[in-house]
Amino acid sequence: MGFADQRFNVNLSILFTELPLLERPAAAAAAGFTAVELWWPWVDSPTPEQSELDALKKAVEDAGVRLTGLNFYAGRLPGPDRGALSVPGEESERFRANIDVAAGFAASLGCKALNALYGNRVEGVDPAEQDALALENLVLAARAADRIGAILLVEALNQPESPLYPLASAPAAVGVVDKVNNATGLGNARFLMDLYHLSMNGEDLPQVIERYAAKTGHVQIADNPGRGAPGTGSLPLEDLLDRLEKAGYDGWVGLEYKPGDRPSAEAFDWLPR
């Protein structure tokens, strides 16, 4: 057991960002990875030109890597936003406009996991109104994911870094997962378990794994403090991933950490070769 037994993929929205987007898949392949994941790469556009989608698709295919995870449009990320689907008005409309575009792009590369970030609370808007809008949009996203044989992921973030994001615990995110599944009857909504975010919230990670591994569709890691590579902080990530495996999780583990003050290609020295 240990790191050698895991299936790791690289998040190209936080690693290899010193390179242009279209060069990152090949860089991940050169570093030894066979799979990658992405936040929505077109921050300003939920509906980019087809030529831009085609260029990224070609870059992924030419690199010989798989796209195993993709975010729906989530606003300015990285930046002040934490999703769009619960934000009334223009942002919610942008999310809806993105649903079929993101699902279509995912389908073109055989990607089977789509992550929908919930969005921040908006001052002056009733949280219940935002939650109702969120459920509507998540139902639409779950149906689109189902049409391409994919799962819909709902992620908990951490309160210190995302104080306006309401899903700041594993139970909060899993509660939304259950609501979506109850509303659609599809059963394809799953929890995205990011061990860094949950640790920043002070959650009991072994207990979270025991309670929610069966509802987990994807796992992401970074060490804490610092959101760096495993070994740069104090999280027992090797043990936690072993616990996940023993609890039945056999999916990908996304590397969603900052490389620090070094090129991303040098940020994998913790990995057994």
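At what angle do the axes of helix H3 (residues 90-108) and H4 cross, and within what distance do they come? In this predicted model, the two axes cross at roughly 10 degrees and come within 9 Å. H3 is therefore roughly parallel to H4, since angles under 35 degrees count as roughly parallel.

**H3 and H4**

- On the H3 side, the contact is made by Ser92, Phe95, Arg96, Ile99, Asp100 and Ala103.
- Their partners in H4 are Leu133, Glu136, Asn137, Leu140, Ala141, Ala144 and Arg147.
- Sorted by class, the residues of this contact are seven nonpolar, two polar and four charged.

**H4 and H5**

- The crossing of H4 past H5 is right-handed.
- From H4, Leu135, Leu138, Val139, Ala142 and Arg143 meet Val176, Lys179, Val180, Ala183 and Thr184 of H5.
- This contact has seven nonpolar residues, one polar and two charged.

**Nonpolar core**

- The largest nonpolar core holds 89 residues.
- Phe8, Leu70, Met193 and Phe268 have the most contacts inside that core.
- Beyond its neighbours within four places in sequence, Met193 is in contact with Leu198, Val208, Ile209, Tyr212, Ala213, Thr216, His218, Val219, Gln220 and Leu244.

Definitions and conventions. Residues are numbered from 1 along each chain as its sequence is written. This is a predicted model: local features need pLDDT of at least 70, side-chain atom pairs count only at pLDDT 80 or more; totals for chains, interfaces and linings use all residues. Side-chain values use heavy atoms; hydrogens and water are left out. A nonpolar core is a set of buried Ala, Val, Leu, Ile, Met, Phe, Trp, Tyr and Cys residues joined through side-chain atoms within 4.5 Å. Buried means under 20% relative accessible area, exposed over 50%, partly exposed in between (1.4 Å probe, protein chains only). Contact means heavy atoms within 4.5 Å. A crossing is left-handed if the near helix is turned anticlockwise from the far one by less than a right angle, and right-handed if clockwise. Helices (H or I, at least four residues) and strands (E, at least two) are DSSP runs, numbered from the N terminus. Ala, Val, Leu, Ile, Met, Phe, Trp, Tyr, Cys and Pro count as nonpolar, Asp, Glu, Lys and Arg as charged, and the others, Gly among them, as polar. Axes are lines fitted to C-alpha atoms, for helices over the stretch in contact, and angles run from 0 to 180 degrees between N-to-C directions. Angles under 35 degrees count as roughly parallel, over 145 as roughly antiparallel, 65 to 115 as roughly perpendicular and the rest as oblique.
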